[in-house]
Amino acid sequence: MATTAFTRKTLGLETAEPAVTPPPAGHQTTFVKKPKLAGSKSRKREIPEGLWTKCPKCGTMVFDKELDENLKVCSRCEHHFPIGARERIHSMVETCTFEEMDAEMTSVDVLNFTGAASYKSKLEKNLATTGLKDAVITGIGKIGEHRVGLGVMDFKFLGGSMGSVVGEKLTRLIEKATEKTLPLIIVSSSGGARMYEGMLSLMQMAKTCAALAYHAKARLPYISVLTDPTTAGVMASFASVGDLIIAEPGAMIGFAGPRVIKDTTQAELPPGFQTAEFLLDRGLIDAIVSRRGMKQQLIGYLGYMGGRQR
Ligand SMILES: [Zn+2]
């Protein structure tokens, strides 16, 4: 059979007319022309943006819907992607139990700060892109059977920086928890104090810690949850004074950045420096808890620390 087919093909070639007129110089027939690269564009279209995210740790393409269902944790390598404050609150509290406090409080540009961009324009831009009023959401909610004061920071809003509004909202939350004899949970994610507010943002460090001291005096538990990243003014104030300090896996936690420390100490930094795992090894934090097990773990801690069930 194969032989027959081969013979037929040969015959066909022999009967083909040779090209009589050579094509003019410089002319390219459509036959030779490289087909237009419809492929390069359409291939991109095959993976529409916002459907898949590449995991920076293991390189797996993760389906966004799956990532959302998984609380933004890579199912293959446990990498914790950033998660918004509202999403996190939703993952922690019982449905319809969260009563937000000071939802309308917004920052003002008291110093008329101008740099590469003015503080005012930065605020407006962040308000529009994040849908948040500032870098923290506070309120009272129920986790399991425990009513708690809950504050959650959002890194998306100006790097989770602490200005007057973040400090004031947290202070009011802490004072409310003290007044109502409730335990307190603050989930931090911050680049530090907000430089656009100068000294006013540094004052928030003392203010939040003073309020926490009254909360502690009332013998009420405070759990500080550190997420990636928790640094500078926030780490140097309320985030590091929890009765219990827990962190998410792989979270970057520290005061100054590694480069500054390296330049100051003139020493090589050990591997894994400023990660949650590094700090746990050295006793600076109490536990590392995966986001997916966070709620259950918190319920356990609250029960153990005497959170009231009501
Ligand atoms: Zn991964």
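**Exercise 1. The core**

Of the 50 residues in the largest nonpolar core, which touch the most other members?

*Solution.* A word on the model before we start: it is predicted, local features need pLDDT of at least 70, side-chain atom pairs count only at pLDDT 80 or more, and totals for chains, interfaces and linings use all residues. Residues are numbered from 1 along each chain as its sequence is written.

Step 1: settle the terms. A residue is buried if 20 or more other C-beta atoms lie within 10 Å of its own, exposed if 12 or fewer, and partly exposed in between, with C-beta atoms placed from the backbone. A nonpolar core is a set of buried Ala, Val, Leu, Ile, Met, Phe, Trp, Tyr and Cys residues joined through C-beta atoms within 7 Å.

Step 2: read off the residues. L184, I185 and L226 touch the most other members of the 50-residue core. Helix α6 gives the most to this core, with 6 residues. (Helices, H or I of at least four residues, and strands, E of at least two, are DSSP runs numbered from the N terminus.)

Step 3: look around I185. Leaving aside neighbours within four places in sequence, I185 is in contact (C-beta atoms, placed from the backbone, within 7 Å) with V148, L150, I223, V225 and L298.

Step 4: check for another core. A second, separate one has 5 residues, including V62, V73, C74 and I83.

**Exercise 2. Helix α7**

Find the buried residues of α7, and say what they pack against.

*Solution.* Step 1: α7 covers residues 198-217, and its 20 residues reach 30 Å from first C-alpha to last, close to the expected 28 Å. That expected span is 1.5 Å times one less than the number of residues.

Step 1: the buried residues are S201, Q204, T208, A211, L212 and H215. An α-helix has 3.6 residues a turn, so residues three or four places apart point the same way.

Step 2: these buried residues pack against α6 (164-179), β6 (184-190) and β7 (222-230).

Step 3: after the helix comes R219, with a positive phi near 60°.

**Exercise 3. Backbone exceptions**

*Solution.* Step 1: most residues other than glycine have a negative phi, and most peptide bonds are trans.

Step 1: L158 has a positive phi of about 45°. L158 is in the loop between β5 (146-153) and α6, and is buried, with 25 other C-beta atoms within 10 Å.

Step 2: Q274 has a phi near 65°. Q274 is in the loop between α9 (258-265) and α10 (276-281), and is buried, with 20 such atoms within 10 Å.

Step 3: the cis bond joins D228 and P229, with omega about -15°; P229 is in strand β7.

Definitions and conventions. Two residues are in contact if their C-beta atoms, placed from the backbone, lie within 7 Å.
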